[in-house]
Amino acid sequence: GYDNTVRLWDATTGEELRTFRGHEGWVSSVAFSPDGTRLASGSDDNTIRIWDTATGEELRTLWGHEGWVSSVAFSPDGTLLVSGSDDTTIRLWDTATGEELSILRGHEGWVSSVTFNSDGTRLASGGGDRTIRLWDTATGEELSTLRGHLGGVFSVTFNPDATRLASGSDDA
């Protein structure tokens, strides 16, 4: 939120379970690891933080983006994290070490949404350049660019078997 925190809630009772503090800017994106033990958050302080959901401890801070981090997502096996940013880049991170594995470049504007397909071999990204781009996670190669939106693309997601991709935009 704009108060620089991430809040964890019990979805059944509505009770707030934990507040994660550490970002120096508003939090724009959060994602759970597949096993639910970690939580990643992206912020306009240009960082990604990974938290232990049980203890609230900050496990690591990922530095590298030069603009606010608008989207984060874990790979299906939890070993990778992808982030998209206002700096027009997509970055892949090793969640165990925090090492930046690759920088994907191709968008001509901010990157607002990133997501893995169901087996983690592909990424989709959407951005302010009105495009959706598909990437190979192993090589970082851009596989295709999808065009058709008249406004910035704010959200992308694969269906469960990764045969379809949905996108949301501010098309006028």
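In this predicted model, Trp63 is exposed, with a relative accessible area of 59%. Trp63 belongs to strand 6, which covers residues 58-63. When residues up to four places away in sequence are not counted, Trp63 touches Thr47, Trp93 and Glu100.

Strand 3 (residues 27-32) and strand 4 (residues 38-43) run antiparallel and are joined by 5 bridges. Within this pairing, Val30 stands opposite Ser41 of strand 4. The hairpin of strand 3 and strand 4 has 5 residues between the strands, and in this hairpin Gly36 takes a positive phi near 80°.

An open sheet is formed by 4 strands in the order 11-12-13-14, with antiparallel pairing. Strand 11 (111-116) and strand 14 (142-147) each have a single partner strand and stand at the edges, so one side of each is left without a neighbour in the sheet. On average, neighbouring strands of this sheet are turned by 20° against each other, direction ignored. Strand 11 is connected to strand 12 (residues 122-127) by 5 bridges, and the two run antiparallel. Phe116 has Leu123 of strand 12 as its bridge partner.

Ser113 is also placed in strand 11. With a relative accessible area of 7%, Ser113 is buried, because the value is under 20%. The side chain of Ser113 reaches the backbone nitrogen of Val156 at 3.0 Å. Residues up to four places away in sequence aside, Ser113 touches Ser71, Ala124, Ser125, Gly126, Phe154, Ser155 and Val156.

The largest nonpolar core has 11 residues in all: Ala73, Leu80, Val82, Ile90, Leu92, Leu104, Val111, Val114, Phe116, Leu123 and Trp135. Strand 8 (80-85), strand 9 (89-94) and strand 11 are the elements that give two or more residues to this core. Strand 11 supplies the largest share, 3 residues. Apart from this core lies another, of 10 residues, including Ala31, Leu62, Val72 and Leu81. In the largest core, Leu123 is one of the members. Neighbours within four places in sequence aside, Leu123 is in contact with Val82, Ile90, Leu92, Leu104, Thr115, Phe116, Arg133, Leu134, Trp135, Thr137 and Phe158.

The structure holds 4 aromatic pairs. One of them is tilted, because the rings of Tyr2 and Trp26 have their centres 5.6 Å apart and their planes at 45°. Tyr2 lies in the segment before strand 1 (5-9), while Trp26 lies in the loop between strand 2 (16-21) and strand 3, so the pair ties together parts that are 24 residues apart in sequence. Tyr2 is exposed, at a relative accessible area of 73%, whereas Trp26 is partly exposed, at 25%.

Trp26 also forms a tilted aromatic pair with Trp68, with 5.3 Å centre to centre and 45° between the planes. Trp68 lies in the loop between strand 6 and strand 7 (69-74) and Trp26 in the loop between strand 2 and strand 3, so this pair ties together parts that are 42 residues apart in sequence. Trp68 counts as partly exposed, at 28% relative accessibility. Tyr2, Trp26 and Trp68 form one aromatic cluster.

Note on methods:
Residues numbered from 1 in each chain as written. Predicted model: local features only at pLDDT ≥ 70, side-chain atom pairs only at ≥ 80, totals over all residues. Heavy atoms only, no water. Pairing = 2+ DSSP bridges. Axes fitted to C-alpha atoms, helices over the stretch in contact; angles between N-to-C directions. Buried < 20%, exposed > 50% of the residue type's maximum accessible area, 1.4 Å probe, protein only. Polar contact = N/O pair within 3.5 Å; in protein donor to acceptor, adjacent residues only side chain to side chain. Contact = heavy atoms within 4.5 Å. Core = buried A, V, L, I, M, F, W, Y, C linked by side-chain atoms within 4.5 Å. Phe/Tyr/Trp six-rings, centres within 6.5 Å; stacked < 30°, edge-to-face > 60°.
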